[in-house]
Amino acid sequence: MSQFHALSQVLTLTEVNAVKPLAAHAHASKRKFQKNSATNREDRGHQMSIFTNPISAATDEAGAYIAAVLRLLGDKDPLMVLEGLVAELEEHVNGLTIAELRHAEAPGKWSIIEIIQHLADSELVWAYRLRMVLAEKRPQITGYDQDRWASQLRYREVKLRDAMEQLRVLRSTNLRLIGSLSASELHRAGVHSERGEETVEHMIRLYAGHDLVHLKQISRIRKSL
Ligand code: NI
């Protein structure tokens, strides 16, 4: 499983240490570290992300990342987390200037707006995956390189309003779909090329954990402003 991203960006140092030997970093520094510089295990982490499917992802590392995300979710109700994301984000961005919203946490790392666009595009990908898993028989789940999406799709130029609107619409659409599912539909699965079988139920927990990871990251950025 290649759910790897951004450990250095999104988890506190303690959490990163807790999930060693995970390659830390990931959303981080892609602009600085291009693929051809990825010569060791840690550098490869820069290309990995929670919803990415890098060829080099090591199963044990990915598994450790998933464990960290699920630990963050703890015993919280994943549906409550998913439902609360947009309101939480709105609270976080309230009162911030454009400059603050576009302030990168560190060179090569994302700003708050970039994180929100990442969440919006993650939701787009999830929308597709959910529908494939529900309508097709054990479909293949494929990944993408979120850092390349961020640069190629110009997350830096995105307007907060647009990113938030995309996220709001897609999240509520996905939650509506999930709310209509039967128990057996929640157990339908797709097959991820590295992570193997992945059920709708599991994805719900994973995406909820992913929300928390990025909310934490945004809190940290806010404190540093
Ligand atoms: Ni992410």
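Here is a short exchange about some helices and a core in this predicted model.

Me: How do you know that the length of α9 agrees with a helix?

Reply: Happy to work it through! Helix α9 runs over residues 160-179, and its 20 residues at 1.5 Å each should span 28 Å; the end C-alpha atoms are 28 Å apart, which agrees.

Me: What makes the buried residues of α9 line one face?

Reply: The buried residues are Ala163, Met164, Leu167, Arg171 and Asn174. Seen down the axis of α9, they fall within an arc of 110°, so they line one face of the helix. On the other side, Arg161 and Arg176 are exposed. The cover over the buried residues of α9 includes α5 (78-93) and α7 (112-135).

Me: Which residues touch the most other members of the largest nonpolar core?

Reply: Val69, Ile116 and Ala163 do, in a core of 33 residues. At least two residues of this core come from each of α4 (59-73), α5, α7, α9 and α11 (200-224), and α11 gives the most, with nine. Leaving aside neighbours within four places in sequence, Ala163 is in contact with Ile113, Ile116, Gln117, Ala120 and Val158.

Note on methods
Residues are numbered from 1 along each chain as its sequence is written. This is a predicted model: local features need pLDDT of at least 70, side-chain atom pairs count only at pLDDT 80 or more; totals for chains, interfaces and linings use all residues. Helices (H or I, at least four residues) and strands (E, at least two) are DSSP runs, numbered from the N terminus. The expected span of a helix is 1.5 Å times one less than its number of residues. A residue is buried if 20 or more other C-beta atoms lie within 10 Å of its own, exposed if 12 or fewer, and partly exposed in between; C-beta atoms are placed from the backbone. The arc is that of the directions from the helix axis to the C-beta atoms. Two residues are in contact if their C-beta atoms, placed from the backbone, lie within 7 Å. A nonpolar core is a set of buried Ala, Val, Leu, Ile, Met, Phe, Trp, Tyr and Cys residues joined through C-beta atoms within 7 Å.
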